[in-house]
Amino acid sequence: MPSHLSRRNVLLAGAAAGSALALSAAPAHAHRRPFGRYGSPSARLTATTLYVHPRGAGDVTSIQAAVDAATGTGRTLVIAPGVYRETVSVPADRTGMTWLGASDDPRDVVVVYDNAAGTPKPGGGTYGTSGSATTTLRPDGFTARRVTFANDWLRAGHPGVSGTQAVAVKVMGDRSAFFDCRFLGHQDTLYADSASLDTVARQYFTRCYAEGDVDFVFGRATAVFEDCDFRTLVRPDLTSAPLGFVLAPSTAVTNPHGFLVTGSRISSEAPDGHYKLARPWVPSSDPTARPMLTVRDTRLGAGIDAVAPYTNMASRYPWQDQRFAEYRNTGPGAVVTVPANRPQLTPAQAAAHTRQAWLGDWRPRA
């Protein structure tokens, strides 16, 4: 993706003609079979399946309308190719809900909006970080396949706004799984959270793509990222490092499992060494949090600062006091030059830092 294109321009360019990392145009067969192999309103996949199509070929034309209609548990939404510019909120009682992007390419099915934390609300005040989310997912047992979640709010378009967090998706439910999905934004793109401080939410992401700049994967969930790609973006508003941070876990001190990144890749549009791998987030709502992150068997590109890959979000919560560790990473961003700055697991310790240990008795269905 050319670095001079803004997120919104990339989305628009993709919608018109397709681009490497953005939304592609609807497939040529979309008008003949807009729901692909997943049936249609006249030949439903199951009795509990609803079809979403932006131009009226489904049951409803918006994802939120489908969510509202899909009462009960175990409902499936088949989403036709298109750009769904809307905010979507899925209540906790929609347990076991599944979203299926009807195309084989997640770039074809995009839900996007452009609220930020500092965006004024119609009734007064501002949205705040959580309220900025394009999509908010509260139910347990949620699954998404081949969907792009995006927030195209841009700092450059709002120079007077100080709340620049702009969430693409906030995930709160236990047993939430994402297969072949994409998460696009800048600051706070993917919020992997839980419903409350004392609730553990296990989340699984595989073959997914996430991009951003500041803390663009963050939260207190027990989250596994397996075979995923993370990409750091350029920051035209900054001229010196660091430009941002990939991960910002906020794990509760009582939770033995925070973020696990395994078998993945981290690349960058930015100059070499201009991004930190992570920093700990200890929120004011949980001052006893002890963030946990393990990055293992992952390729760290040259964009990551190999000498000092971690830094503090607040000086009173130094990263060295948290639970950060690495194991068998490769690439220029993984070179250990200052051992004290790169805590490494032993093979015996690494045996307990696995998808199976993080997810327990839950086995997401591939």
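**Parallel strands and buried charges**

Strands here are DSSP runs of E, at least two residues long, and helices are runs of H or I, at least four residues long; both are numbered from the N terminus.

A word on the source. This is a predicted model, so local features need pLDDT of at least 70 and side-chain atom pairs count only at pLDDT 80 or more, while totals for chains, interfaces and linings use all residues. Residues are numbered from 1 along each chain as its sequence is written, and side-chain values use heavy atoms, with hydrogens and water left out.

Now the record. An unreviewed UniProt entry carries the annotation "domain: Pectinesterase catalytic" for residues 52–354. UniProt positions are given in the numbering used here, feature names are shortened, and annotations may be inferred rather than shown by experiment. In the model, that span is 5% helix and 32% strand. Its end C-alpha atoms lie 37 Å apart.

Back to the strands. β16 and β19 pair in the parallel sense, over five bridges. Two strands count as paired if DSSP finds at least two bridges between them. Strand β13, residues 176–179, also pairs with β16, again parallel, over four bridges. There, Ser-176 has Gln-203 as its bridge partner.

How many of the five residues of β16 are buried? Five of the five, so the strand is largely enclosed by the rest of the structure. Buried means under 20% relative accessible area, exposed means over 50%, and partly exposed is in between, with a 1.4 Å probe and protein chains only. Arg-202, Tyr-204 and Thr-206 point one way from β16. Gln-203 and Phe-205 point the other way.

Follow β19 onward. Strand β19, residues 222–226, pairs with β22 in parallel over four bridges. Val-224 has Leu-260 as its partner in β22. Then β22 runs parallel to strand β25, residues 292–296, with four bridges joining them. Leu-260 stands opposite Thr-294 there. Strand β22 is covered on both faces: Phe-259 and Val-261 are buried on one side, Leu-260 and Thr-262 on the other.

Next, an open sheet. It has eight strands with parallel pairing, in the order β5-β8-β11-β14-β17-β20-β23-β26. Which strands are at the edge? They are β5 and β26, and each pairs on one side only. Further in, β17 and β20 pair over four bridges. Ala-210 has Phe-230 as its bridge partner in β20.

Tyr-84 is buried, with a relative accessible area of 3%. Leaving out residues up to four places away in sequence, Tyr-84 touches residues including Val-52, Pro-54, Ile-79 and Val-111. Contact means heavy atoms within 4.5 Å. The Tyr-84 side chain also reaches the backbone oxygen of Ala-80 at 2.8 Å.

Now charges. Side chains of opposite charge can pair when their charged atoms come close. The structure holds 21 salt bridges. That term means a side-chain nitrogen of Lys or Arg within 4 Å of a carboxyl oxygen of Asp or Glu.

First example: Arg-155 and Asp-213, at 2.8 Å, N to O. The pair links distant parts of the chain, 58 residues apart. Both residues are buried.

Another: Lys-170 and Asp-193, at 3.5 Å, N to O. Lys-170 lies in strand β12 and Asp-193 in the loop between β15 and β16, so the pair ties together parts that are 23 residues apart in sequence. Lys-170 is buried at 9% relative accessibility. Asp-193 is buried too, at 4%.

Then Arg-235 and Asp-237, at 2.7 Å, N to O. Buried or partly exposed? Arg-235 is buried, at 10%. Asp-237 is partly exposed, at 45%. There is also a network of salt bridges linking Asp-174, Arg-175, Arg-202 and Asp-361.

Last stop: Arg-231, in strand β20, residues 229–232. Arg-231 is buried yet has no salt bridge. Where is the nearest side chain of opposite charge? That is Glu-269, 4.2 Å away. For charge, Lys and Arg count as positive and Asp and Glu as negative, while His and the chain ends are not counted. Arg-231 does have a polar contact of 3.0 Å with the side chain of Ser-267. A polar contact is a pair of N or O atoms within 3.5 Å; within protein, one must be able to donate a hydrogen and the other to accept it, and residues adjacent in sequence count only if both atoms are side-chain atoms.
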